[in-house]
Every structure is written in structure tokens, then in C-alpha cells.
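Work through the exercises below with the sequence and the 3D structure at hand. Try each task before reading its solution.

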Amino acid sequence: MLRRLVHLIWGAEVDSALRPVLLVTLIGSLAGSSVWSFMGIWALKEVGATSSQLGYGYLVVALTAGVVGYIAGHLSDHFGRRRLMLVGQGIFAIYILLFLGAGHHVWLGLGLIVGAGALGSLGGSAGQAMVADLVPPERHEAAYASVRVAANLGVTMGPPIGSLFLLIGGWSFFFPSVSLLALSSWVLAFRYLPVRGAYAPEGPPERGSLRVILHDRTFLLFLAASMFAWLIYVAYETVLPISLVESHGIPEWGWGFLLVVNPLLVTVFQLRLTRRVTGISPALKWVVAMLLMGLPFLFLRVTSALPVILAILVVFVIGEMLWVPTSQSIAARMAPEDLRGAYMGAFGSTAAIGFALSPFLGLQVRSAGGDSAMWAAFACVAILSAALGAITCLHVTRPDARDKAAADDPVGSEAAA
């Protein structure tokens with residue numbers, strides 16, 4: 001039955017070298033989602049933080065995670081992907097136990113949440129770079145789609161498992177149990193993750209990654225497109241439930257059922273959709289993805305009937321499934337081989353910016369102009385991301401474009417401290 005389930009979700013075309021990453025991603029996502037789903041509740045109910053304090057805490061979490069993600073990617077270029085992933089997962093497994101000693105100290109509790117976010121991002125960019133180390137470039141998009149399915153499956157199962165831990169023994173049982181889950185992810189990573197992939201660079205870089213990135217104008221444009229895309233995605237996760245509950249009459253408990261639509265569709269259809277659109281250009285996939293993610297919410301101005309909301313969610317997920325593997329494969333393609341970790345870390349930091357800014361900016365517009373103005377603003381952001389992403393994808397996929405850019409860039413070829 002397990003073999004049939006794996007075949008149903010991933011099919012028979014997953015690269016054998018990628019299977020350890022899928023396993024570690026699944027268990028790591030399970031552990032991470034089981035604890036992060038309840039961090040806000042713990043901070044408010046157990047530690048005594050206010051909503052305002054928690055909001056600023058999450059802002060610091062996002063910004064810190066973005067910085068740490070880039071630094072971790074940079075370090076993985078020098079010390080290896082596996083080592084960074086093991087360090088991050090190992091410390092995280094022990095660190096979770098510190099939450100038991102927070103008591104009612106608000107700032108200590110919020111500080112622990114910030115630290116957990118930083119540790120969670122420590123191995124993320126290294127893991128993204130490892131995927132590109134393990135499979136050939138023409139398989140990047142399918143590989144990233146496979147890893148995303150594993151992560152979504154973990155996110156689907158994590159919150160119910162966390163609820164079970166709380167039901168059994170409260171917070172004193174919850175945190176040690178999550179720690180054991182994280183430890184099991186570390187054990188699997190130690191046992192199965194390869195030291196080096198078949199497509200990994202021959203040695204560590206001999207130049208500074210930050211200077212190269214800052215002089216790579218095409219990559220900077222891609223980072224801007226990705227940041228705007230993340231603003232849309234995070235709006236779905238953070239702003240949409242507020243909009244549906246406060247402005248469109250959806251009960252609070254109803255969002256929990258609607259939220260299940262996303263991970264279920266991703267788990268079942270992500271790989272199927274990715275394989276079906278393999279021959280379509282990345283630029284076209286990016287544009288279609290952004291329009292499907294950003295424009296459907298405008299229909300809420302007309303009606304908020306349940307079938308319409310479900311249709312909006314389904315259309316959004318289709319766009320999301322087009323965008324995520326495409327963006328990851330483009331980022332890997334743009335990265336110089338010796339700086340792949342740093343590039344993927346910088347790319348990953350756009351998600352942190354999205355999580356930091358999307359709810360803040362979205363709710364400010366909503367407060368000033370209402371729901372319709374907010375979704376119109378996000379639609380404009382989606383169109384902007386579509387334009388910038390299309391320009392980047394067309395440049396990157398043009399034959400020899402990156403090679404010519406590297407030849408024209410003196411910073412990219414010089415050694416830096």
C-alpha cells in the first residue's frame with residue numbers, strides 16, 4: 001500500500017538520486033509544520049504576548065530568515081550542502097526543547113520564535129542547491145516539483161499531528177514530541193543524504209558571492225519578480241482568510257476546510273501538471289501563473305458565493321503549481337555553478353520579504369480603501385511580476401545569454417575575498 005501511495009503521488013519518473021532528499025524533506029516538513037502551526041497560539045495563550053507584539057515578532061522572523069538563508073547558501077558553497085543541512089536540523093531538534101523554559105516571559109518567547117525561524121532557514125537554501133547538484137539541468141523543474149510535493153505532504157500531515165501531541169499532554173508533551181520528529185529527520189539526513197551530487201561544482205568558490213550577485217542585473221530583476229510573486233502568494237495565506245471572514249461572511253472555522261484545498265491539489269496534481277507543461281516556455285508559464293494567482297480575487301467584488309470562492313482557490317493553486325517549480329529551476333539555471341548555494345539563498349530570501357511585507361501592505365490598503373482596493377492592488381502586483389518575470393525568463397533561456405553576460409561582467413570572473 002505504501003509503495004502504491006508513493007507511486008500515486010510521485011509516479012515512477014523520480015530520479016533515484018533525489019529520493020533521499022524527498023524523504024528528508026517530507027519528515028522535516030512534517031516536524032516544522034507541526035510546530036509552526038501552533039507558534040502563534042503558544043505565544044498568545046501560554047507566554048502572554050499581545051497580537052501587536054506577535055505581529056512584530058513575525059516580521060523579525062521573516063527578515064532574519066531571509067538573511068540567514070542567504071548566509072547559509074553561501075556557506076554551503078564552501079562547506080557542502082549536507083553539512084549545512086545537518087547542522088541546521090540538528091540544532092533545531094535540540095533548540096525546540098528551550099520553549100519549555102520560556103514560562104511567561106514574553107520577550108524570551110518571541111526571541112525563541114525568531115531563533116527557530118532562523119534555524120529553519122539554515123538548511124533551506126542548501127537543500128534547494130542540493131537538488132540542482134543531484135539532477136541534470138533539463139530535470140530541474142520536475143525535481144523541484146517532486147520536492148515541493150514532499151514538503152506539501154508534510155505540511156498537510158503536520159498540524160493534525162501537532163494537535164494530537166497537544167491533546168495527549170499539553171505543551172509539556174508537545175515540544176519534546178516535535179523535537180523527536182526533528183531528530184528523526186536529522187537521522188535520516190545523516191544516513192541517506194549524499195556528501196556530493198553528480199552535478200555539484202568541483203570545488204569551493206574563489207570569489208565573493210555578494211559582489212557577483214549585486215552585479216548580475218538579470219538576477220536582480222528576477223529577484224524583484226520573485227518578491228512581487230511572493231507578495232501575491234502570502235496574501236493568499238494571510239490576508240485572504242481575514243477578507244473572507246470579515247467581509248464575505250465565511251465563518252472562522254470554514255477557512256480551515258477551505259485551506260485544505262491547496263495542499264491536497266498540490267500533492268495530487270503538482271507533478272502531473274509539471275510534466276504536462278514541460279514543453280512550454282518558462283516565460284509563458286510565469287506570466288500565466290501570475291495572472292492566475294493575482295487576478296481571480298477580483299471576482300470577490302462581484303460575489304462571494306461558496307462555489308466562486310472554491311473556483312478562485314482552485315485557479316490560484318493552478319497558478320501556484322506553474323510558478324513554484326518554474327521559478328526554482330530558473331534560479332538554479334541562473335546560478336553560476338560555484339555560487340549555486342548563495343544564489344539559491346538570495347532567491348529564497350524573496351519569500352521572507354513576501355512574508356514580511358504582504359500582510360502589512362495588504363492590510364494597510366484594506367484599512368484605507370476596503371477589500372476591493374486591496375485585491376486591485378494585489379492584481380497590479382501580479383501584473384508587474386508577470387512582466388518582470390517574463391523579461392527575465394526570456395533572457396535566461398535565450399541561447400548563450402548567461403555565458404555572454406558572464407563574459408561581459410568583470411566582477412563575475414575575478415577572485416574576491
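## Exercise 1: One leucine

Leu75 is a residue of helix α4, which covers residues 51-79. The model used here is a predicted one.

**Task.** Decide how Leu75 is classed by its relative accessible area, and find which residues Leu75 touches beyond four places away in sequence.

**Solution.** 
1. The relative accessible area of Leu75 is 32%.
2. Buried would need a value under 20%, and exposed a value over 50%. Leu75, at 32%, is therefore partly exposed.
3. Leaving out residues up to four places away in sequence, Leu75 touches Gly80 and Leu84.
4. For a separation in space, take His104: from Leu75 it is 29 residues along the sequence, and the two C-alpha atoms are 36 Å apart.

## Exercise 2: Helices α3 and α6

**Task.** State how helix α3 is oriented relative to helix α6, and list the residues that make the contact.

**Solution.** 
1. Two packed helices are described by the angle between their axes and the distance between the axes.
2. Helix α3 (residues 39-47) packs against helix α6 (residues 106-122) at an angle of about 170°, and their axes are 10 Å apart.
3. Angles over 145 degrees count as roughly antiparallel, so α3 is roughly antiparallel to α6.
4. On the α3 side the contact is made by Met39, Trp42, Ala43 and Val47, and on the α6 side by Val106, Gly109 and Ile113.
5. Sorted by class, the contact of α3 with α6 has 6 nonpolar residues, 1 polar and no charged.

## Exercise 3: Helices α11 and α14

**Solution.** 
1. From α11, the contact involves Phe222, Ala225, Ser226, Ala229, Ile232 and Tyr233; from α14, Trp286, Met290, Met293 and Gly294.
2. The residues of this contact divide into 8 nonpolar and 2 polar, with no charged ones.

How values were computed: Residues numbered from 1 in each chain as written. Predicted model: local features only at pLDDT ≥ 70, side-chain atom pairs only at ≥ 80, totals over all residues. Heavy atoms only, no water. Contact = heavy atoms within 4.5 Å. Helix = DSSP H or I, 4+ residues; strand = E, 2+ residues; numbered from the N terminus. Nonpolar A, V, L, I, M, F, W, Y, C, P; charged D, E, K, R; others polar. Axes fitted to C-alpha atoms, helices over the stretch in contact; angles between N-to-C directions. Parallel < 35°, antiparallel > 145°, perpendicular 65-115°, else oblique. Buried < 20%, exposed > 50% of the residue type's maximum accessible area, 1.4 Å probe, protein only.
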